[in-house]
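Please examine the structure shown below.

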Amino acid sequence: MITIRHETPDDYTTVENIIRQSFYNVYMPGCYEHYLAHIIRQHEDFIHELDFVLEKDGKIIGQIMYTKAKLIDENKNEKVVLTFAPVCILPEYQKQGYGKRLIEYSMKEAYQLGYDTIVIMGHPRTYVRFGFQSCKDLHVSLENGKYPTALLVKTFVPHALDHHSWTYYESPAMAFDPQVAKDFDDSLEKIEKKHLASQDEFAIISRSFIE
């Protein structure tokens with residue numbers, strides 16, 4: 001039996017452990033995503049209505065969190081958008097459709113709340129199936145004017161971003177001190193840090209840009 005529900009304070013430790021298990025050694029030796037979850041829940045940009053866990057037979061096996069971000073156009077007009085991170089499914093339950101179900105459910109809820117755009121940093125291979133497009137196709141760049149390969153945009157409403165050029169700004173909620181994050185991770189049960197090929201792949205994607 002699959003249930004998707006809002007995260008509660010009683011879930012916090014369990015969810016952070018799930019995030020840690022899911023991300024450890026994937027993008028770097030170790031990970032910081034569980035620390036990000038630990039700190040963003042109290043930020044004003046964190047959206048509690050879009051903070052979900054997925055349970056299988058009463059056991060939490062996945063989660064997704066959303067935070068506000070913003071786009072600013074060439075006329076300095078500001079548009080509130082969403083981003084999600086972290087999002088994960090426990091490794092032993094991955095590639096079984098649970099992540100797809102969780103993401104699609106949360107996006108439907110986001111639309112019901114009145115949001116029309118999501119901007120994320122992610123691997124195109126993972127997210128194009130959910131309707132995400134290259135940032136350049138929708139004229140969304142970083143503040144330096146570049147279009148990262150990993151910057152992906154999804155609109156719920158046709159032409160929501162048409163006729164403007166946009167600059168993306170993530171929430172300050174996503175910023176953290178790497179040393180503090182490391183200390184937080186070091187305080188938890190030890191997991192061996194490894195260098196894996198997935199980390200090299202992520203480094204290539206995250207540092208590449210579209211001309």
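By class, the residues lining the second largest pocket comprise two nonpolar, three polar and three charged ones. In this classification Ala, Val, Leu, Ile, Met, Phe, Trp, Tyr, Cys and Pro count as nonpolar, Asp, Glu, Lys and Arg as charged, and the others, Gly among them, as polar. The lining is made up of T13, E16, N17, R20, Q21, L188, E189 and I191, and the pocket has a volume of about 160 Å³. A pocket is defined on a 1 Å grid over the protein atoms alone, as an open set of points where a 1.4 Å probe fits, with protein on both sides within 12 Å along at least five of seven lines; lining residues have an atom within 4 Å of a point. Grid points are joined across faces, edges and corners, and a volume is the space filled by probe spheres set on the points.

The model is a predicted one, in which local features need pLDDT of at least 70 and side-chain atom pairs count only at pLDDT 80 or more, whereas totals for chains, interfaces and linings use all residues. Residues are numbered from 1 along each chain as its sequence is written, and side-chain values use heavy atoms, with hydrogens and water left out.

The largest pocket has a volume of about 1700 Å³. Of the 48 residues that line this pocket, F23, Y27, V87, M121 and Y127 are the closest to its centre. By class, its lining has 29 nonpolar, twelve polar and seven charged residues. Several elements each supply at least two lining residues, among them helix 1 (12-23), helix 3 (98-112) and strand 5 (117-121). The largest share, seven residues, comes from strand 4. Helices (H or I, at least four residues) and strands (E, at least two) are DSSP runs, numbered from the N terminus.

Strand 4 spans residues 78-89 and includes T83. This threonine, T83, is buried, with a relative accessible area of 6%; buried means under 20% relative accessible area, exposed over 50%, and partly exposed in between (1.4 Å probe, protein chains only). The side chain of T83 reaches the backbone oxygen of V119 at 2.7 Å. Such a polar contact is a pair of N or O atoms within 3.5 Å; within protein, one must be able to donate a hydrogen and the other to accept it, and residues adjacent in sequence count only if both atoms are side-chain atoms. Not counting residues up to four places away in sequence, T83 touches M65, Y66, T67, I118, V119, I120 and Y168, where contact means heavy atoms within 4.5 Å. P86 is also found in strand 4, and a cis peptide bond with omega of about -5 degrees joins A85 and P86.

In helix 5 (residues 178-186), A181, F184 and D185 are buried. They lie on the same side of helix 5 because they cover an arc of only 95 degrees around the axis, the arc being that of the directions from the helix axis to the C-beta atoms. What covers these buried residues includes helix 1 and helix 2. At the N-terminal end, helix 5 is capped by D177, with a side-chain oxygen 2.8 Å from the backbone nitrogen of Q179.

Two loop residues remain. D57, in the loop between strand 2 (52-56) and strand 3 (59-73), has a positive phi near 50 degrees without being a glycine. D57 counts as exposed, at 58% relative accessibility. H163 lies in the loop between strand 8 (151-155) and strand 9 (166-169). Its phi is positive, about 70 degrees, although H163 is not a glycine, and H163 is exposed, with a relative accessible area of 76%.
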